[in-house]
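Subject: Structure handover

Hello,

Here is the structure to look through.

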Amino acid sequence: MDYGTLEALSGLRCPAHGSHFADRPSDLATMPRAQHTQPPTSPAKPSQPARASKPAKAAAATAQPPAYPSIESTVGQTPLVALQRIGAEANRARGNVLLAKLEGNNPAGSVKDRPALAMIRRAEERGEIAPGDTLIEATSGNTGIALAMAAAIRGFRMVLIMPEDLSIERAQTMKAFGAELILTPKSGGMEYARDLAEKMQREGKGRVLDQFANPDNPRIHYETTGPELWQQTAGRITHFVSAMGTTGTITGVGRYLKERNPAVRIVGAQPSEGSRIPGIRKWPPEYLPKIYDPAQVDELVYVSQADAEQMCRRLAAEEGIFGGISAAGACWVAQQIAATVEHATIAFVVCDRGDRYLSTGVFPA
């Protein structure tokens, strides 16, 4: 078909015949629609991810991975929280603040995570023990759980000795961490358990870490718990209250706080006559822990089992703090102090969690 024929059919003139399409825009609007039809296009292919260049691949291959923390690094730096309801009105009127140090937030659930890990690590550093060795310890529960965890982390066999009347939850938790458990008669108490541990060591059955005489116990509280309390209160702490078991916490924290401010009062919570409060002991003179330094403690206050258990329930129901019975005993003592002072910042240790005492009946079903 020649250009003349094309012009006749379309009514348009070709540029070769002396005209331009742009000269007659109206003709474009009247062109048959088929003349505007575009050829069909094939479906778009999914986009492909950009390929890394060879230098980028090489850099990724040689980059150091992130330094992830281990479970050990989660011990310590526990929260310090203010009580909101228990004794709140009276404390506000006196200008007092009561603070709870939540040691149950440690990975094995108690303040004993600190000395347990410290005793094993420092014994290793001194060359006294090595992974694979057998460790032995008499415990009322929390130290045993913490040692079982620390032994699992660092590769030791752990044998724990504890009175048979302590809560089943504690025994189960120790076994969960792989520890072997020896139960002693209730009548013998912790004294019998400690004697048995020493006997086993003399027989060559393992190494006793001895939380009651090991200076690494109060040392870790001097190095960590005390400084944390000082920093968290911005140096405003006036009273520190701790339940007394091995006495490692009160001795180490007391020493640190008194170095920072000799006016800080260090108060120990002990069970009243006839009371049995897990984690709190009034030791006979011959069994008094060797690490205990009475010069660091200003006052001892006695708490009954009934008062400690009632405060345990109140902490959970009124404050949302699910602590153990010894922690509640320390809280009860802190409240007694608060009733006699003004403008005080009183901190107490919530040693562990309440779920370790469910079988004792302290929390009614």
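First, a term: a residue is buried under 20% relative accessible area, exposed over 50%, and partly exposed in between (1.4 Å probe, protein chains only). This is a predicted model, in which local features need pLDDT of at least 70 and side-chain atom pairs count only at pLDDT 80 or more, while totals for chains, interfaces and linings use all residues. Residues are numbered from 1 along each chain as its sequence is written, and side-chain values use heavy atoms, with hydrogens and water left out.

Cysteines

A disulfide is a covalent bond between the sulfur atoms of two cysteines. The cut-off here is a pair of cysteine sulfur atoms within 2.5 Å. The whole structure was searched, and zero disulfides turned up. Seen from Cys331, the closest cysteine sulfur is that of Cys312.

Salt bridges

A salt bridge needs a side-chain nitrogen of Lys or Arg within 4 Å of a carboxyl oxygen of Asp or Glu. How many does the structure hold? The count is 24.

- Glu72 with Arg121: the closest N and O atoms are 3.6 Å apart. This pair links distant parts of the chain, 49 residues apart. Glu72 lies in the loop between α3 (54-62) and β1 (80-82), and Arg121 in helix α5 (residues 113-125). Glu72 is buried at 16%, whereas Arg121 is partly exposed at 35%.
- Arg157 with Glu180: the closest N and O atoms are 2.6 Å apart. Arg157 is partly exposed at 38%, and Glu180 is partly exposed at 35%.
- Glu128 with Arg126: the side chains meet at 2.9 Å, N to O. Glu128 is partly exposed at 35%, and Arg126 is partly exposed at 44%.

On the helix and strand labels: these are DSSP runs, numbered from the N terminus, with helices (H or I) of at least four residues and strands (E) of at least two.

Which residues form a network of salt bridges? Arg122, Arg126, Glu128, Arg207, Asp216, Arg219 and Glu223 are linked in this way.

Best wishes
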